[in-house]
Amino acid sequence: MTPRRILHLIESWGPGGAERVLMDIVAGLPSAEWSSVVVPVADGWVSAQARAHGATVMILPQDRSVDVGYLTALRRVIARERVEIVHAHLLMSALYGSMAA
C-alpha cells in the first residue's frame with residue numbers, strides 16, 4: 001500500500017507550542033500509512049526536526065500581508081506532491097491552507 005500524503009502547514013519555524021505539536025504528529029504517524037510534507041515559511045527548528053523524522057520539507061516564504069504568490073506556490077506543492085490532506089497549524093496557515101486545498 002502506498003502511504004497517503006499529508007501536508008503540514010505552519011507559518012513559523014521556531015520551537016514553540018504549535019511547532020512541537022506538529023513534530024509530535026509527524027513523529028507519531030506510521031510511516032507505512034502516511035508520508036509527511038512539512039511546509040514552514042523559513043528554514044529553522046521546524047525544518048530540521050521534520051527532516052530528522054523523515055518528512056519532506058519545502059520552505060515557502062510568506063509575506064505577512066495577503067500573499068497571492070504564496071497561495072499559488074502552495075497550490076502547486078499540493079498538486080505536485082499529490083497531497084491528500086492539508087493540516088494547518090496557526091491562523092494564517094489555516095487561512096491559506098483552506099484556500100489552497
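Four strands make up an open sheet, arranged in the order β3-β2-β1-β4 with parallel pairing. Strands here are DSSP runs of E with at least two residues, helices are runs of H or I with at least four residues, and both are numbered from the N terminus. Two strands are taken to pair if DSSP finds at least two bridges between them. At the edges of the sheet stand β3 (56–57) and β4 (85–89), each of which pairs on one side only. The structure is a predicted model, in which local features need pLDDT of at least 70 and side-chain atom pairs count only at pLDDT 80 or more, while totals for chains, interfaces and linings use all residues. Residues are numbered from 1 along each chain as its sequence is written, and side-chain values use heavy atoms, with hydrogens and water left out.

Within the sheet, β1 and β2 run parallel and are joined by six bridges. Arg5 stands opposite Ser35 of β2. On to β3, strand β2 (residues 34–39) is linked by two bridges, again in parallel; here Val37 has Thr56 as its bridge partner in β3. Five of the six residues of β2 are buried, so this strand is largely enclosed by the rest of the structure. Buried means under 20% relative accessible area and exposed means over 50%, with partly exposed in between (1.4 Å probe, protein chains only).

Glu19, Leu22, Met23 and Val26 are the buried residues named in α1. They cover an arc of only 95 degrees around the axis, which puts them on the same side of α1; the arc is that of the directions from the helix axis to the C-beta atoms. An α-helix has 3.6 residues a turn, so residues three or four places apart point the same way. The other side of α1 carries the exposed residues Gly17, Asp24 and Gly28. The buried residues of α1 pack against β1, β2, α2 (45–52) and β4, where contact means heavy atoms within 4.5 Å.

Helix α4 (residues 91–100) lies across β1 (4–10) and β4, and runs at about 155 degrees to β4. For such angles, axes are lines fitted to C-alpha atoms, for helices over the stretch in contact, and the values run from 0 to 180 degrees between N-to-C directions.

The side chain of Glu11 reaches the backbone nitrogen of Met92 at 2.8 Å, and one of its polar atoms lies 2.8 Å from the backbone nitrogen of Ser93. A polar contact is a pair of N or O atoms within 3.5 Å; within protein, one must be able to donate a hydrogen and the other to accept it, and residues adjacent in sequence count only if both atoms are side-chain atoms. Leaving aside residues up to four places away in sequence, Glu11 touches several residues, including Val41, Gln62, Arg64 and His89.

His89 belongs to strand β4 and, at 7% relative accessibility, counts as buried. With the neighbours up to four places away in sequence again set aside, His89 touches His8, Leu9, Ile10, Glu11, Ala18, Leu22 and Ile25.
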